[in-house]
Amino acid sequence: MTAEMTTRMTTWDRLVGQRHAIATLQAAAAGRGMTHAWLFTGPPGSGRSNAAIAFAAALQCPDGGCGTCHECHTVLAGSHADVSVVRTEKLSIGVDEVRDLVRRSALAPAGRRWQIMVVEDADRLTEQANNALLKAIEEPTAHTVWMLCAPTTEDLLPTIRSRCRLVTLSTPTTEEVAGFLRSTDGVDDALATYAARASQGHIGRARALARDDATRRRREEVVGLPRRLTTLGACMRAAESLVEVAKAEAEAITTDLDSREKADLDVGYGVVERGRRPRDYAPALRRLEESQKTRAKRRVLDVVDRGLMDLVSVYRDAIALATGAPGALVNEEIRADVEALARASTPELNLQRIAAIFQAREQMLEFNVQPALALESMMVALRSTEDDQ
């Protein structure tokens, strides 16, 4: 056996720390326990959509997910004719998108195997979209497979989840994530361990921390906030800083995409070629701009949310130190700050601070409160007073 063969990755090797789930999916791909609807659940970063895509590749692959054949390559690249993926940067997935997916699901596969429909953010389906999806899952065609991804089973209608086979993913360990970074991205040991710890098992976040200096600097700024929240002014500045950083990062991600979409729209309506705008161009432009605005808002919320989870990790570390819990800290690199926080407060107080963070998170994500307002209130709740010193 050559070195190339021994190091060749299958589709399953991209799933970190998911041995039990992989065994279930491999058996189904081989024809044991196969069904027409699947629900992938697990915490953020556990790889729900990656597991669904890997499974889709295995179902299309003649060798059950070899990772090297044409079928595997096209599924993983997002270009396979019989695998449709719905993902969104918006706040929700509407009924029109789902109806389009349902229409495609009824088509006979171009190949000899399956017509596979993957919904990456099934927890963002509107009520109408859920109802449209339910009918399709209740009455599938013989060659259609639905794969839904959501954080928990509670994020879907009971009538939908009852018709799906559940695959539950777990949070990978620090060792598993670090090993993945070393073997896949060639990251050195120290950086791989740091990124694995700081990401708290979130694979995408770990790769960003390992690859990008700016990402690491932004995280260092966030986890350094607790020691600076000593005055009302400091709290206000911290809230403003977190919002501005989130907006800047979101803009950096979306600006190029917005420009490409606008250029594609202009080409599609012949604006560039003919030098004038047809009558139906203006409504299409408004729809595009509204979609981009919604996407930008969601991106800001996602970046803020990631920062909040980093903040939570600091207070959890302080609780772990105060109670003598075993294991390494998530924020081992700022152990001195965490020790000072643990000495200056109590586990009960830090639990209250964590609750304040989750309250701010709920206000923004569930009740549409402006991030600046929610974060200002949160930072005041996190403030260290003289009584804490």
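Predicted model: local features only at pLDDT ≥ 70, side-chain atom pairs only at ≥ 80, totals over all residues.

**Starting from helix H4**

Let me begin with helix H4, which covers residues 70-77, and whose buried residues are Cys72, Thr74 and Val75. If you ask what lies over these buried residues of H4, the cover includes helix H3, at 48-60, and strand E2, at 83-86. Just after H4 comes Gly78, and there the backbone takes a positive phi of about 80°.

Moving on from strand E2, we come to Thr88, which has its place in the loop between E2 and helix H5, the helix at 95-105. Is Thr88 buried or exposed? Its relative accessibility is 11%, and because buried means under 20%, Thr88 counts as buried. Leaving out residues up to four places away in sequence, Thr88 touches Ile93, Asp121 and Arg124. As for Ala122, it is 34 residues from Thr88 along the chain, while the C-alpha atoms of the two are separated by 9.9 Å.

Now let us turn to another part of the chain, and to Ser313, which is found in helix H14, spanning residues 281-323. With a relative accessibility of 1%, Ser313 counts as buried. Which residues is Ser313 in contact with, once its neighbours within four places in sequence are left aside? They are Gln200, Arg219, Val330 and Asn331. For a sense of distance, Ser313 and Ala342 are 29 residues apart in sequence, and 13 Å apart in space when taken from C-alpha to C-alpha.

One of those contacts of Ser313 is Gln200, and Gln200 deserves a look of its own. Gln200 is found in the loop between helix H9, at 189-199, and helix H10, at 203-211, and its phi is near 55°, a positive value in a residue other than glycine. At 29% relative accessibility, Gln200 counts as partly exposed.

Finally, let me step back to the chain as a whole, which has 17 helices and five strands. Its C-alpha trace spans about 70 × 65 × 45 Å along the principal axes. For 389 residues, a compact globule would have a radius of gyration near 21 Å, and the 23 Å of this chain agrees with that. Of the 389 residues, 43% count as buried, and among contacts with a separation of 6 or more, 71% are between residues 24 or more positions apart. The chain exposes about 20,000 Å², with carbon and sulfur atoms supplying 50% of that area. As for charge, the chain has 50 positive and 54 negative charges, and their mean positions are 4 Å apart.

Definitions and conventions:
Residues numbered from 1 in each chain as written. Heavy atoms only, no water. Helix = DSSP H or I, 4+ residues; strand = E, 2+ residues; numbered from the N terminus. Rg over C-alpha atoms; globule rule 2.2 N^0.38 Å. Buried < 20%, exposed > 50% of the residue type's maximum accessible area, 1.4 Å probe, protein only. Contact = heavy atoms within 4.5 Å. Areas by Shrake-Rupley, 256 points an atom, 1.4 Å probe, with all protein chains shown as cover. Lys, Arg positive; Asp, Glu negative; His and termini not counted. Charge placed at Lys NZ, Arg CZ, Asp CG, Glu CD.
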